[in-house]
Amino acid sequence: VQLQASGGGLVQPGGSLRLSCAASGSIFSINDMGWYRQAPEKQRELVAYITNRGSTNYQDSVKGRFTISRDNAKNTMYLQMNNLKFEDTAVYYCNAEVATYELPGVYSYWGQGTLVTVSS
């Protein structure tokens with residue numbers, strides 16, 4: 001299973017970006033999916049997650065600005081980020097809890113990260 005994150009870039013404060021995370025491979029099902037971020041010299045933190053039924057949860061600092069969604073038919077998750085702030089600058093990683101055809105159980109997979117830089 002591979003997760004491919006994309007959509008990062010340089011944006012001015014108040015701007016918007018949309019991140020995507022596409023899962024591929026021998027996937028039987030995907031349970032929870034989430035976006036994490038890691039700023040320089042800080043620990044990785046959860047930004048938002050979404051269950052396979054569409055329930056969502058957000059870190060307080062992004063509530064009202066970020067929206068997480070997923071397209072189960074495409075095994076893809078999105079993060080719409082609006083009104084971006086300097087403090088949103090970080091490498092954003094996607095994570096998915098995946099059941100495959102090869103192994104019993106559910107395993108956690110990570111994407112490679114995509115850099116979001118908010119700067120004027």
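Start by selecting phenylalanine 28, which counts as exposed because its relative accessibility is 54% (exposed means over 50% relative accessible area, buried under 20%, partly exposed in between, with a 1.4 Å probe and protein chains only). You are looking at a predicted model, in which local features need pLDDT of at least 70 and side-chain atom pairs count only at pLDDT 80 or more, while totals for chains, interfaces and linings use all residues. Residues are numbered from 1 along each chain as its sequence is written, and side-chain values use heavy atoms, with hydrogens and water left out.

**The aromatic pair.** The model has 2 aromatic pairs, counted when ring centres of Phe, Tyr or Trp (its six-membered ring) lie within 6.5 Å; planes under 30 degrees apart are stacked, over 60 edge-to-face, and the rest tilted. Strands here are DSSP runs (E, at least two residues; helices are H or I, at least four), numbered from the N terminus. Tyrosine 101 is exposed too, at 58%.

**The disulfide.** Now pick cysteine 21 and cysteine 94, whose sulfur atoms sit 2.2 Å apart in a disulfide (sulfur atoms within 2.5 Å). The S-S torsion is about 70°, so the bond is right-handed. Cysteine 21 belongs to β3 and cysteine 94 to β9 (residues 90-100), so the link ties together parts 73 residues apart in sequence. Both cysteines are buried.

Select β8 (76-81). Why is this strand largely enclosed by the rest of the structure? 5 of its 6 residues are buried. On one pairing, β3 (residues 17-24) meets β8 antiparallel over 6 bridges (strands pair if DSSP finds at least two bridges), with leucine 19 bridged to leucine 79. β7 also runs antiparallel to β8, again with 6 bridges, and phenylalanine 66 has methionine 81 as its bridge partner.

The β7-β8 hairpin has 4 residues between its strands, and asparagine 75 in the turn shows a positive phi of about 50°. In that loop, lysine 74 is exposed at 56%.

**The nonpolar core.** Show Trp35, Leu79, Met81 and Tyr92, which touch the most other members of the largest nonpolar core, a set of 30 residues (buried Ala, Val, Leu, Ile, Met, Phe, Trp, Tyr and Cys joined through side-chain atoms within 4.5 Å). β9 gives the most, with 5 residues. Centre on tyrosine 92: beyond its neighbours within four places in sequence, its contacts (heavy atoms within 4.5 Å) include Leu19, Trp35, Val47, Phe66, Leu79, Met81 and Val116.

**A buried aspartate.** Where does aspartate 88 lie? Look in the loop between β8 and β9. At 0% relative accessibility, aspartate 88 counts as buried. Its side chain makes polar contacts with the side chains of arginine 37 at 2.9 Å and arginine 65 at 2.7 Å. Such a contact is an N or O pair within 3.5 Å; within protein, one atom must be able to donate a hydrogen and the other to accept it, and sequence-adjacent residues count only if both atoms are side-chain atoms. Leaving out residues up to four places away, aspartate 88 also touches Phe66, Asn83, Val116 and Val118.
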